[in-house]
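Have a look at the model first, then read on.

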Amino acid sequence: MSIPAAFQNSIAANPAPGQVTRAEIAFCLNMILFRDLLERVPEGKAYTEDVLQQGGQVFFDHGAVRTVAIEQCGALPAGEKSITRILEPLGYQLYETYPLPRLKMTGRSYVHKDLPEDMPQFFLSELHVDQFSEVFQQAATRVVSTSTDPLDTTHLASLQTLSQEGLLAFDEAVALLLAMTRCFARQHATPALSDYEVLRNESQEMAWICTEGNAFNHVTDRVADVHALTLEQQALGRSIKPQVEVAARGSVRQTAYRAAQVDRVFRTPAGCVVMPVPGSFYEFISRDRVPAGGHNEKLDLGFDSGNATAIFKMTSVEDSTVC
């Protein structure tokens with residue numbers, strides 16, 4: 001993975017011995033979550049191995065997490081707050097908001113204050129349960145109301161320290177890092193198959209959350225030419241989306257593999273059953289530099305609601321098989 005050059009030296013103004021900056025902790029978290037996704041998405045792992053064999057590196061552009069905007073989330077804060085309570089102390093800030101009305105969701109991107117162009121972004125989405133049917137709302141409540149919280153009072157205190165000072169002692173940083181990693185998983189109990197079917201009938205996205213929770217929905221490699229890459233991956237026989245999604249402004253282009261199939265356990269009155277469902281996937285993005293006033297330019301770090309809606313379909317049941 002491409003590592004920001006800033007980490008060759010401390011980015012803290014006056015680093016004390018044995019202290020770790022918020023940016024260093026944030027990047028370590030991203031590396032762990034990236035590796036976790038590769039173990040769950042075989043095509044993403046195969047692609048990464050290809051890059052390594054060719055002497056290249058992956059540039060981790062962003063990871064995506066799905067959340068549920070519902071008050072009955074068990075021990076977890078509702079919606080994206082379960083994740084932003086981690087991101088904000090790590091130095092992330094809201095960048096843009098993206099309405100996703102067709103999915104009854106809202107997406108928000110978060111960039112890192114210290115290294116906005118070099119650090120992976122987070123794309124958080126919230127599903128608005130109150131916009132669905134009453135039976136859907138009841139099923140969603142039964143699923144997520146069993147959620148537990150991986151963070152205890154010690155971890156929350158460390159986040160508070162990190163928020164105020166931007167630094168943690170090494171051992172404290174490691175303990176917090178391990179706890180934060182556990183936040184990017186499914187926190188609720190094994191769902192009932194009947195609830196999963198109700199949710200899937202109205203929202204493929206909520207059905208995905210039902211089995212996968214807050215795991216990384218996808219990670220994304222920032223590449224120079226996503227169109228050329230699509231042709232290369234098609235030639236290799238991989239399940240790359242044939243159509244590249246282009247933002248209305250033209251400076252952001254995206255495509256992805258279809259979601260990997262994973263086996264998940266469901267409860268039924270007769271006992272537990274195992275079924276294949278869509279898991280996570282691997283995405284690609286190209287970003288252009290755009291005018292930033294005067295003779296200056298900046299990397300277009302934004303997304304596009306249309307692009308996001310199309311990319312979200314990579315975890316739909318009807319789109320989860322290889323072309």
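Start with Asp288, which is partly exposed at a relative accessible area of 28%. Keep in mind as you look around that this is a predicted model. The salt-bridge partner of Asp288 is Arg253, and their closest N and O atoms are 2.8 Å apart. Arg253 sits in strand E9 while Asp288 is in the loop between strand E12 (281-287) and E13, so this pair ties together parts that are 35 residues apart in sequence.

| Salt bridge | Closest N and O atoms |
|---|---|
| Arg289 and Glu117 | 3.3 Å |
| Asp300 and Arg249 | 2.6 Å |
| Arg253 and Asp288 | 2.8 Å |

Arg289 forms a salt bridge with Glu117. Arg289 belongs to strand E13 (residues 289-291) and Glu117 to the loop between strand E4 (105-112) and strand E5 (121-128), so the two tie together parts that are 172 residues apart in sequence. Arg289 is partly exposed at 43% relative accessibility, and Glu117 is partly exposed too, at 25%.

Next up, Asp300 bridges to Arg249. Both are loop residues: Asp300 lies between strand E14 (297-299) and helix H10 (305-312), and Arg249 between strand E8 (245-246) and strand E9 (252-256). Is Asp300 buried or exposed? Asp300 is buried, at 8%, whereas Arg249 is partly exposed, at 42%.

Now for the rings. There are 18 aromatic pairs. Phe34 is buried at 6% relative accessible area, and Tyr282 is buried at 0%. The rings of Tyr196 and Phe266 have centres 4.8 Å apart and planes at 50°, so that pair counts as tilted. Tyr196 comes from helix H7 (residues 193-202) and Phe266 from strand E10 (residues 261-268), and both are buried.

Phe34 and Tyr282 also belong to one aromatic cluster, whose members include Tyr47, Phe60 and Phe284.

Finally, charges meet rings: the charged end of Arg66 sits over the ring of Trp208, 5.1 Å from its centre, and Arg287 lies over the face of Phe303, at 4.7 Å from the ring centre.

How values were computed. Residues are numbered from 1 along each chain as its sequence is written. This is a predicted model: local features need pLDDT of at least 70, side-chain atom pairs count only at pLDDT 80 or more; totals for chains, interfaces and linings use all residues. Side-chain values use heavy atoms; hydrogens and water are left out. A salt bridge is a side-chain nitrogen of Lys or Arg within 4 Å of a carboxyl oxygen of Asp or Glu. Helices (H or I, at least four residues) and strands (E, at least two) are DSSP runs, numbered from the N terminus. Buried means under 20% relative accessible area, exposed over 50%, partly exposed in between (1.4 Å probe, protein chains only). Rings of Phe, Tyr and Trp (its six-membered ring) pair if their centres lie within 6.5 Å; planes under 30 degrees apart count as stacked, over 60 as edge-to-face and the rest as tilted. A charge sits over a ring if NZ of Lys or CZ of Arg is within 6 Å of the ring centre and within 35 degrees of the ring normal.
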